[in-house]
Amino acid sequence: MRARGALALASRETAQGASGAGAAVDSQAIVKDFTRVGGTVAAAGVEADVIVVGAGPGGAATAYHLAQSGRTVALLEKARFPREKVCGDGLTPRAVTSLVAMGVDTREEAGWIRNRGLRIYGGGVKLELPWPELASYPDYGLVRPRLDLDHVLVRRAQGAGALLYEDTAVTGPVLDERTGRVLGVTTKDGRTFHAPLTVACDGVSGRLGLAMGLARRDDRPMGVAVRRYFTSPRTHDDHLESWLELTDSDGRLLPGYGWVFGLGDGTSNVGLGLLNTTAAFANTDYRKLMCAWTATMPREWQFAEQHATGPVRGGALPMGFNRTPHYTRGLLLVGDAGGAVNPFNGEGIAYAMESGQLAAEVVAQALARPEGDGRERVLASYPKRLQDTYGGYYTLGRLFVNLIGHPQVMQAATRHGLKRPTLMRFTLKLLANLTDPHHGDAMDRVINALSRLAPAA
Ligand SMILES: Cc1cc2nc3c(=O)[nH]c(=O)nc-3n(C[C@H](O)[C@H](O)[C@H](O)COP(=O)(O)OP(=O)(O)OC[C@H]3O[C@@H](n4cnc5c(N)ncnc54)[C@H](O)[C@@H]3O)c2cc1C
């Protein structure tokens, strides 16, 4: 078989046709068909400016922003949309900002349920704190099942011109034999995709990063969380709800932290998580723990077996940049693939989308330079910008995670702290990373100064 090397004009429909999905076509992109790789005949493949592996929030944001800057993007996803992703489904104002940056309509008429703040249970106290009023973030959060959210986001990426390949599981990088640089990826069904740059957005498994020798760092926090959906009269809750202390029916303290988020569709997402700094982390039966906790809830909330709409499902939360460096030899890491979950509150969607946007900016600038040192200099700025933006804050988060790993510290903090509203408003800003970088109030200035002073994670 000879290399065809012909330029084919492929629309989004063509790419979707390969994956079977059908949606309107409103833009076109040039992709190159080829059958020859590095001098040896390979299965037919696709050539693009950038390959994005994984179409969760990180991948969709990366692909959207790159496509917006005029690049041809092949977005490869092993699943088919709509697809489930185990999550709490909660979006803070930080995540809303990233949705807005992708042109997502976040009005309630468009199917979103808004929340006004955080309700906290702990130390025998219930406290409602509104989201802070800031220039950088709106004063509302959202909740939307990931089954839906991720589909909305991936459609935005397609709308911008990214080519989505569903049912396309990436098996590994294609490497330049001489330099070890990533030239593309191979897929389970035998296809090859080529691009000068690849962005790994493949989630907590971090398979692509791992294949490039980027192992998970043990000196960074890790969480495990489980969730379950119940039909519940609490479905229209206008607050995200966080439980700082979990107990069983006999009032015994259980390990972990919980949440209850109303989805506005008749159900609530109820879940709990543990950090690896907690002694109980390794030997906990999460299903049992969930049952023991929900059994203490008021009956009318309906968080009981007969009202569950599915099983308890769980996953890991890679925190505080637990896979580094975020750029190596033609590969950038985004979101969970780079361990970008906020150690303070377990929020990962906003950070996946933000790091995706940042990666897209850097890649667009890099591709505008010829291959070589100049381009590499731009690419090397990606990990630096991540460090500058989140490094100090994540270091504080690691300290926090170590502290609350001791139940006595957590108990003392909830018992004394929750009764002090000003302290709690400060804590909310700190935990949710919601401050204005310039011209903020005194709380913002303290948090920003602490983050600047702490060594980058
Ligand atoms: C129980 C639980 C509750 C959580 N609750 C919240 C919450 O309420 N709010 C919040 O902000 N965060 C929450 N998180 C964290 C959040 O889910 C993640 O941080 C977020 O999904 C990260 O986005 P991502 O795009 O980096 O990765 P993912 O969302 O994991 O997306 C990765 C994508 O890559 C695809 N993929 C993987 N491997 C391959 C491959 N080899 N080839 C092709 N495609 C591949 C996957 O199918 C997937 O679509 C929670 C996590 C858990 C486990």
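Trainee: In strand S15 (residues 197–200), which residues point one way and which the other, and what makes them buried rather than exposed?

Mentor: Leu-197 and Val-199 point one way from strand S15, while Thr-198 and Ala-200 point the other way. A residue is called buried if 20 or more other C-beta atoms, placed from the backbone, lie within 10 Å of its own, exposed if there are 12 or fewer, and partly exposed in between. All four residues of S15 are buried, so each of them has 20 or more such neighbours. Bear in mind that this is a predicted model, in which local features need pLDDT of at least 70 and side-chain atom pairs count only at pLDDT 80 or more, whereas totals for chains, interfaces and linings use all residues. Residues are numbered from 1 along each chain as its sequence is written.

Trainee: What makes Thr-247 partly exposed?

Mentor: Thr-247, which is found in strand S18 (residues 246–247), has 13 other C-beta atoms within 10 Å, and this value places Thr-247 in the partly exposed class. Leaving out residues up to four places away in sequence, Thr-247 touches Arg-252, Leu-253, Leu-254 and Thr-296, where contact means that the two C-beta atoms lie within 7 Å. Thr-247 and Thr-296 are 49 residues apart in sequence, yet their C-alpha atoms are 7.4 Å apart.

Trainee: How do you know that S15 pairs with strand S4 (residues 50–53)?

Mentor: Strands are DSSP runs of E with at least two residues, and helices are runs of H or I with at least four, both numbered from the N terminus. Two strands pair if DSSP finds at least two bridges between them. Four bridges join S4 to S15, and these strands run parallel, with Ile-51 opposite Thr-198. Three bridges join S15 to strand S24 (residues 331–333), again in parallel, and here Thr-198 stands opposite Leu-331. Both counts meet the requirement of at least two bridges, so S15 is paired with S4 and with S24.

Trainee: Why do strand S6 (90–91) and strand S7 (113–115) stand at the edges?

Mentor: Three strands form an open antiparallel sheet in the order S6-S10-S7. S6 and S7 each have a single partner strand, so one side of each is left without a neighbour in the sheet. Two bridges join S6 to strand S10 (residues 141–143), and Leu-91 has Leu-142 as its bridge partner in S10.

Trainee: What makes the largest nonpolar core a core, and which residues touch the most other members?

Mentor: A nonpolar core is a set of buried Ala, Val, Leu, Ile, Met, Phe, Trp, Tyr and Cys residues joined through C-beta atoms within 7 Å. The largest such set has 109 residues, of which Val-73, Ala-74, Leu-75 and Val-363 touch the most other members. Helix H7 gives the largest share of this core, twelve residues. Beyond its neighbours within four places in sequence, Val-363 is in contact with Val-50, Leu-66, Leu-197, Val-199 and Leu-332.

Trainee: Why is the protein called as compact as a globular protein of its length?

Mentor: The protein has eleven helices and 24 strands. Its radius of gyration is 22 Å, close to the 23 Å that the globule rule gives for 457 residues, so the protein is as compact as a globular protein of that length. The radius is taken over C-alpha atoms, and the rule is 2.2 Å times the number of residues to the power 0.38.
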